[in-house]
Amino acid sequence: MSEVVKKFMYLNRKAPYGTIYAWESLEVVLIGAAFDQEVNLMFVDDGVYQLVKGQDTAGIGMKNFSPTYRTLGDYEVRNIYVDADSLAARGLTQDDLVAIAYEDMDTEEEIENIVEVVDAARVTELMDEADVVFSF
Amino acid sequence: MSILHTVNKSPFERNSLESCLKYASSGAAVLLIEDGVYAAVAGTSAEPLVKSGLGKVSVYVLGPDLKARGFREDRLIEGIQVVDYAGFVDLATEHDKVQAWL
């Protein structure tokens with residue numbers, strides 16, 4: 001295992017189901033988390049649709065991967081950001097999104113919901129801070 | 001000659017719906033499918049575009065695609081009709097041809 005921990009940002013800009021990007025991103029996120037890297041997820045533009053709760057794909061014959069987002073905290077993904085402007089343009093609020101819980105293994109600190117709605121300036125800042133950005 | 005137009009792209013990512021509504025003739029039908037269903041949700045920045053379209057064409061949305069993406073019918077812009085797959089087939093047969101806006 002590498003001892004160098006890098007800040008990875010996964011930048012998600014695509015809606016789920018219409019294309020394979022959202023699903024592929026989730027797969028890579030889980031792999032990155034397994035290698036003990038610092039994983040940050042950023043959802044902007046149509047990417048915010050990935051976190052909309054109540055998805056039910058029974059009628060379209062596709063796998064519903066939406067429940068997987070709620071387990072990200074268990075994979076030690078600590079930071080999940082959603083761009084406020086993208087939500088507003090789509091008539092959405094944080095209430096429309098899934099909540100993702102997190103428990104710190106060392107401190108036993110429990111956080112009910114790590115999904116954080118942030119403004120554009122904060123998005124910029126987080127992108128600048130990342131060592132690597134994976135785009136989906 | 002009446003056409004059924006299908007739009008499968010998000011209005012926030014592509015101009016498919018905008019072009020469709022621009023060129024569709026009065027009385028045509030527009031069916032929103034796949035990521036196109038996001039245009040049917042009320043309160044978005046695409047709502048004025050869709051509402052202007054409703055004055056000219058009939059707008060439908062495919063229910064299973066809407067449900068897959070987590071939106072219930074009470075979130076839709078007024079005047080948009082929800083159809084299932086059988087309704088999609090009915091629309092296709094009721095019109096002279098189907099034109100897809102990819």
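Because the model is predicted, local features need pLDDT of at least 70 and side-chain atom pairs count only at pLDDT 80 or more, whereas totals for chains, interfaces and linings use all residues.

**Chain B as a whole.** The model itself scores ipTM 0.94 and pTM 0.95. In cartoon view, look for four helices and five strands, which run β-α-β-α-β-α-β-α-β from the N terminus on; helices (H or I, at least four residues) and strands (E, at least two) are DSSP runs, numbered from the N terminus. The C-alpha atoms fill a box of roughly 35 × 25 × 25 Å, taken along the principal axes.

**Strand β1 of chain B.** Next select residues 3-7 of chain B, strand β1, where four of the five residues are buried, that is, have 20 or more other C-beta atoms, placed from the backbone, within 10 Å of their own. Two strands pair if DSSP finds at least two bridges between them, and β1(B) has five bridges to the parallel strand β5 (residues 97-101) of chain B, with His5(B) partnered by Gln99(B). Four bridges also join β1(B) to strand β2 (residues 29-32) of chain B, again parallel, and here Leu4(B) has Ala29(B) as its bridge partner. To follow the chain from β1(B) to β2(B), trace it through helix α1 (residues 16-23) of chain B, a right-handed β-α-β crossover: with the strands pointing away from the viewer, the path from the first strand over the helix to the second runs clockwise.

**Where the chains meet.** Now show both chains: 17 residues of chain B are in contact with 18 residues of chain A, contact meaning C-beta atoms, placed from the backbone, within 7 Å.

**Val133 of chain A.** Finally, select Val133(A), in strand β7 (residues 132-135) of chain A. Is Val133(A) buried or partly exposed? Val133(A) is partly exposed, because 14 other C-beta atoms lie within 10 Å, between the limits of 20 or more for buried and 12 or fewer for exposed. Leaving aside residues up to four places away in sequence, Val133(A) touches Met9(A), Leu11(A) and Met127(A).

Conventions:
Residues numbered from 1 in each chain as written. Chains lettered and ligands numbered in written order. Contact = placed C-beta atoms within 7 Å.
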